[in-house]
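Open the model in your viewer and keep the selection tool at hand. This tour tells you what to pick at each stop.

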Amino acid sequence: MPADSIGTATPAPPLGAEYADTASAAYRAALQVLESVEPRIAAATRKELADQRDSLKLIASENYASPAVLLAMGSWLSDKYAEGTVGHRFYAGCQNVDTVESVAAEHARELFGAPYAYVQPHSGIDANLVAYWAILATRVEAPALAESGVKHVNDLSEADWETLRHKLGGQRLLGMSLDAGGHLTHGFRPNISGKMFFQRSYGTDPETGLLDYDAVAAAAREFKPLILVAGYSAYPRRINFATMREIADEVGATLMVDMAHFAGLVAGKVFTGDEDPVPHAHVTTTTTHKSLRGPRGGLILAQPEYADAVDRGCPMVLGGPLPHVMAAKAVALAEARRPAFGSYAQRVADNAQALAEGFLRRGARLVTGGTDNHIVLLDVTSFGLTGRQAESALLDAGVVTNRNSIPADPNGAWYTSGIRFGTPALTTRGFGTADFDRVAELVTDVLTNTTPQGSSKAKYTLADGTAERVRASAAELLAANPLYPGLAL
Ligand code: PLP
């Protein structure tokens, strides 16, 4: 199918175009101030914009936040300590932070149709940690306190406290395996989640690479987890969350969905019904900076029975909130409630289809044979390469990606056999389906011209002229789709 025939959504207006002049003046002034205090930071800040403008960014977890989101972070809101939550702070004078946090949470609830939202987590990992503790507090600690007839852990006897501590540390968590696309925080040993829980993984079907719900149900029946985690970093397909909830209910598990990667597709109503995790999960966590296009940060949505425990995230799990980042989350969530964001999200998905089809047409092998979200996972063993070699060769040609494990990866978690591509960032720049077909062509050009050196899993040779040829073509694509058009420093 020709790539142009895939697109359905019209491009959203360029990011921040309506206030580009004002934003330019603001940034020029800010950089001048920085220059007078620490010129190296001013220079690195300028250079980062130039580098971002000049690179073909295909990292699935990155995006470009609007100037409004970025400007919201550069203020004196940063100076305020505000442990606690709205109306219940451990510090005085938090009235403005209360406003910021309330507005951000209101936008999050409205955007995702959630009864409760918590906007304090500093990142996705922090959001998951708060969520785990909230589930443990609700399902293990609260019943234990009730059984002992006390309201607070400090009122437990030493013996009862010791029993509770062991119980908290003895719970079970079932999540997607790392090589199928799960995340380290879903119970893996090197991460704290793997030390907090007994963990088991469900994988994907060895033939199709697709999630096998019967296998998940069988694993859940056998393992009986307290928490069933759904969500991924590198799985190129949608998940049926209604089915995951049925599985959780059958075994008495709490369903936690980590939608860090695809929150933008949920916000933009590309994932609806059974593919929208929010109505099905007891607790939903996300980052705000990937497909959602906000500041770096985390967010938790929850059903009411978990809300009180999540609200205690700071200071029980998290360090003090970052009010300036909560302000930026509010701005990003307000942006995501506009119709233009829906058309952006649809284009993210259309562009991933175009990229996948572009690879398939050129004979490449994709994990699961394609995509229906924003991720394309290319199996580079078909080019005779490791992920490490492919990632480096692509970078030589100005194509920024990351290597990634594939199911049953023959090259292990360091060298890997996959390259993960994502469409959110370049879609923000205005790339369409034809542009992504061209990206597939450029990537294929690099990989077919890369040869491993001997038996090394890291060293490679890139045929003469390849990097220059691909860089020149990428520069044309980037020039036609400028980042922050009108923003002049
Ligand atoms: N959860 C998932 C599924 C992710 O993919 C990631 C990051 O890549 C995270 C959590 C962690 O997010 P952060 O880097 O903001 O802590």
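**Before you start**

This is a predicted model: local features need pLDDT of at least 70, side-chain atom pairs count only at pLDDT 80 or more, and totals for chains, interfaces and linings use all residues. Residues are numbered from 1 along each chain as its sequence is written, and side-chain values use heavy atoms, with hydrogens and water left out.

**Stop 1: the two domains**

Select 78–337 and colour it as domain 1; then select 341–480 as domain 2. These bounds come from an automatic or database domain assignment. The centres of domain 1 and domain 2, taken over C-alpha atoms, lie 31 Å apart. Domain 1 brings 26 residues to the contact, and domain 2 brings 26 residues. Contact here means heavy atoms within 4.5 Å.

**Stop 2: the interface**

Between them, domain 1 and domain 2 bury about 2000 Å², with 58% of it on carbon and sulfur atoms. Buried area is the accessible area (1.4 Å probe) that two parts lose on being put together, summed over both. Now pick P236, R237 and R293. They supply 31% of the area that domain 1 buries against domain 2, more than any other three residues.

The term means a side-chain nitrogen of Lys or Arg within 4 Å of a carboxyl oxygen of Asp or Glu. How many salt bridges cross the interface of domain 1 and domain 2? The rule finds one.

Next, show α10 (263–267) and α13 (323–336). These elements give two or more residues to the side of domain 1 that touches domain 2. α10 gives the most, with three residues. Helices (H or I, at least four residues) and strands (E, at least two) are DSSP runs, numbered from the N terminus.

**Stop 3: helix α15**

Select residues 387–396. Is helix α15 enclosed or open? Seven of its 10 residues are buried, so α15 is largely enclosed by the rest of the structure. Buried means under 20% relative accessible area, exposed over 50%, and partly exposed in between (1.4 Å probe, protein chains only). Among the buried residues are G387, Q389 and L394. Step on to G398, which follows α15 and has a positive phi, near 80°.

**Stop 4: helix α6**

Move to residues 158–168, helix α6, and find K167. K167 is partly exposed, with a relative accessible area of 43%.

In α6, pick R165 and E162. They form a salt bridge, the closest N and O atoms being 3.0 Å apart. R165 and E162 are three residues apart in the helix, so about one helical turn separates them.

**Stop 5: more salt bridges**

A search of the whole structure finds 20 salt bridges. Select E38 and R40, whose side chains meet at 2.8 Å, N to O. E38 is partly exposed at 26% relative accessible area, whereas R40 is exposed at 64%.

Finish with D437 and R361. The closest N and O atoms of this salt bridge are 3.0 Å apart. D437 sits in helix α18 (residues 433–448) and R361 in helix α14 (residues 339–361), so the pair links distant parts of the chain, 76 residues apart. D437 is buried at 14% relative accessibility, while R361 is partly exposed at 44%.
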